[in-house]
Amino acid sequence: GRVDPQAAYAAFTGALCHGWTFVQRTVPGISELFGPLECALRHGFLPAVVGGGVSDVERGLFALPVGLGGLGISGPVEGSDFEFRASVGVTGSLGRLMLDRQSTLDGCRTGTVAEVTRDCLRDGEVGLLRRVTEIVAGPSGG
């Protein structure tokens, strides 16, 4: 029988996409390996959810967060490198403490962690604004 698109979307955004985000955040240089997943999303999952084919503009729109009018189904190829850089930046000082076998968090510079987190959020917002601008401009650029 036919699967309910809303239930499939809820399961996907509530659980499935977090599995590949974990991999993106922990393994460097794997963005191209997410090509088959993007193909499955683009040509299988999204058409089933929205009831038809998905153009490049629609795919870009669906990748935006819900708060910006999208579906929050980001492109796994495009997001992979950013997720890894953000993860390394945010966890770097804690990782160094662990490698140095420190038994306390005294060497963890929480100010640095907060600063890196802010920078990652800002970079993510800049990327989102760029994508929204590209979508609004359309394929012809204006």
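**Entry 1: the whole chain**

I began with burial and found that 25% of the 142 residues of the chain count as buried; buried means under 20% relative accessible area, exposed over 50%, and partly exposed in between, with a 1.4 Å probe and protein chains only. I noted that this is a predicted model, where local features need pLDDT of at least 70, side-chain atom pairs count only at pLDDT 80 or more, and totals for chains, interfaces and linings use all residues. I also noted that residues are numbered from 1 along each chain as its sequence is written, and that side-chain values use heavy atoms, with hydrogens and water left out.

I looked up the confidence next. The mean pLDDT of the chain is 81, and 78% of the residues score at least 70; pLDDT is the predictor's confidence in each residue, from 0 to 100. Helix H2 has the highest confidence, at a mean of 93, and helix H5 (residues 110-137) the lowest, at 67. Where pLDDT is low, the predicted coordinates should not be read in detail.

I listed the secondary structure: 5 helices and 0 strands. Helices (H or I, at least four residues) and strands (E, at least two) are DSSP runs, numbered from the N terminus.

I then checked the contacts, meaning heavy atoms within 4.5 Å. Of the contacts in the chain with a separation of 6 or more, 55% join residues 24 or more positions apart. The accessible surface is about 9,200 Å², with 62% of it belonging to carbon and sulfur atoms; such areas come from the Shrake-Rupley method with a 1.4 Å probe, and for residues only the protein chains shown count as cover.

**Entry 2: helix H1**

**Entry 3: helix H2 and arginine 42**

I repeated the check on H2. It has 16 residues and reaches 21 Å from first C-alpha to last, close to the 22 Å expected. H2 bends by about 40° at leucine 41. Its buried residues are Glu38, Leu41, Arg42, Phe45, Leu46, Pro47 and Val49, and their cover includes H1, helix H3 (56-63) and H4. After H2 comes glycine 51, whose phi is positive, near 85°.

Is arginine 42 buried or exposed? It counts as buried because its relative accessibility is 17%. I traced its side chain to the backbone oxygen of valine 54, at 3.0 Å. Not counting residues up to four places away in sequence, arginine 42 touches Pro47, Val54, Ser55, Asp56 and Arg59.

**Entry 4: phenylalanine 62**

I moved to helix H3, where phenylalanine 62 is found. Phenylalanine 62 counts as buried because its relative accessibility is 13%. Leaving out residues up to four places away in sequence, phenylalanine 62 touches Leu46, Val50, Val54, Gly70, Leu71, Gly72 and Ile73.

Notes: A polar contact is a pair of N or O atoms within 3.5 Å; within protein, one must be able to donate a hydrogen and the other to accept it, and residues adjacent in sequence count only if both atoms are side-chain atoms. The expected span of a helix is 1.5 Å times one less than its number of residues. The bend at a residue is the angle between axes fitted to the seven residues ending there and the seven starting there.
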